[in-house]
Amino acid sequence: MDGGCFVSTGVLAKRARGGSLSVDRSGFVAGRSAARVVSNRGRCVRMVVAPIPTDATGTSSDVTLDRVICKFGGSSLADSTRLREVTKIVKMQTELTRKFPVVVLSAMGPSTNELLRAGERALTEGVVDISSVRSRAYEACDSFGLNKEELVDPLLTNLDQLLLGIKFLRELTPRGKDYLVSFGERLSVRIMAAHLAKNEDLPAKAFDAFDVGFLTDSNFLNAEIQPESLDKIARFFDELGPNTVAIVTGFIGKDINGEITTLGRGGSDLTATTIGAAINASEVQVWKDVDGILSTDPRVVERAVPVPSVTYTEAAEMAYFGAKVLHPVAMMPAMKNRITVRVKNSYNPTHPGTKILPERKLSDDTPVTAISVKRNVQLVDIVSTRMLGAYGFLAEVFKIFAQHQVSVDMIATSEVSISLTLDSVACSESTVCTLKTDLETIANTSFQNGKSIVSLVSNQTKSSLILGKAANALAENGIQIQMVSQGAAKFNIGFVLDNEEANKAVEVLHDVFFGR
Ligand SMILES: Nc1ncnc2c1ncn2[C@@H]1O[C@H](COP(=O)(O)OP(=O)(O)O)[C@@H](O)[C@H]1O
Ligand SMILES: N[C@@H](CC(=O)OP(=O)(O)O)C(=O)O
């Protein structure tokens, strides 16, 4: 493939924003606009109108000729064997679209957890040990014949020094944690880019997300991407041009002071959709170790089945309500620009996976699309001490929540009482304590820990049927529902139960709605 065959990012002539050329089943580009393609610098570039290869990654039937983002999570990057599979997917995607995808990588395997553990050990035991991270990086370098002294040792030396600092200072701040875990992603992109360049003859280059334009706020551990990042990212890729395979770190950014930040666990999905939105990619592919979004967490119900398509809002709700498969905020940039997101399996690349779209046709046969569970929430009951029916009560209650910057997940109300749930992880003990004190000036309150929310993403036209079937099945299995909510987005029905009953409830509901 020569450089002249590539088309600049998102600049197909007369293409509507978010639109794309279509490719018919014989693999030929359709539509007049295919004849002439203009780069965003105004130059005409040659485009090859040739048969598209067969569906080797399961995406050909609606393949587009725009640039694609391929994000690979830790499970797809466990070792050199997995990196070779990723290489095949990157090459296949290049052939399929006739241009290089932007590749976003997480840390290899469980590196992020290992780095966090190493930080804790340095802090509490005074032990500096990066052997697991080092051996994973070395294994990949050795297997690909890469020079580890040049490629990864400088980073590993910095990491060692950081852990020594933690050990002697006896301090591991959120800022320090973000710097610490950033080594995972920074190692993986360097190894992958060097491998693609050396062994596959691809013009690959590693980039740290902050050098690509990811500017965040300074909320370490859970930083928010600043809006101006999108323009910076667009400009970066525009200047880079189409002839480089950019391998970009997921998960990390930098704040205005130049400190490394992270986007929250699983944040590489968000990196990928943000780049997708910035460069107006035709598709963001999120490669995992499962055949897409499944009907429920396969670790709870082994026979969970893949869901062919969901909407952005359904995917976002599922993620927020516990489905660990996607980052909860990752849908936002895609939703804004109507970019299709596809969840695919790097262990089974021909499987079509799950397509995430602006809208979809709901099936009558499967009233419930998926079941998710969010554990360790607090159930709060608030009963007014004022006269029955006193108006202004809800406003007063939520004013207090706003003052404490506590967000509420689920809510159910009667005239004088409110039941709601709080995320125990997001809400510190001291916050809960002051919140309770303030609420008790207007109400009697009870806070109960150890609850779970089991959510059904469902067909809203069937809600009575679903509620009936679900409540019956839970009752038959002796599972007590402590609160029910059907949100404004009526496709989400939530039940609050004890943590101990959550797995059983998911199994029972899965049997009811997906069969045994
Ligand atoms: N509804 C669900 N569908 C698919 N996977 C799920 C679901 N709920 C939980 N998971 C878990 O999410 C995992 C994939 O997400 P994640 O570990 O973040 O992948 P990666 O690290 O590759 O990005 C799966 O291995 C699966 O165990
Ligand atoms: N490595 C980070 C970021 C991430 O997105 O990872 P993954 O894609 O493996 O979920 C984490 O473990 O949180």
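**Entry: Ser268 and ligand 2.** I started with Ser268 and found one of its polar side-chain atoms 3.0 Å from an oxygen atom of ligand 2. I count this as a polar contact, meaning a pair of N or O atoms within 3.5 Å. (Within protein, one atom must be able to donate a hydrogen and the other to accept it, and residues adjacent in sequence count only if both atoms are side-chain atoms.) Arg265 also places a polar side-chain atom 2.7 Å from an oxygen atom of ligand 2. Gly267 uses its backbone instead, with an N or O atom 3.3 Å from a ligand 2 oxygen. I then looked up the cover: ligand 2 exposes 340 Å² when taken alone, and the protein buries 83% of that. (Areas come from the Shrake-Rupley method with a 1.4 Å probe; for residues, only the protein chains shown count as cover.)

**A note to myself.** This is a predicted model, where local features need pLDDT of at least 70 and side-chain atom pairs count only at pLDDT 80 or more, while totals for chains, interfaces and linings use all residues. Residues are numbered from 1 along each chain as written, chains are lettered from A and ligands numbered from 1 in written order, and side-chain values use heavy atoms, without hydrogens or water.

**Entry: ligand 1.** I found 17 residues around ligand 1, with Lys71 and Ser75 among the closest. (Near means a heavy atom within 4 Å.) Asp289 has a polar side-chain atom 2.7 Å from an oxygen atom of this ligand. For the side chain of Lys288, I noted 3.0 Å between an N or O atom and a ligand 1 oxygen. The protein covers 84% of the 570 Å² of accessible area that ligand 1 has on its own.
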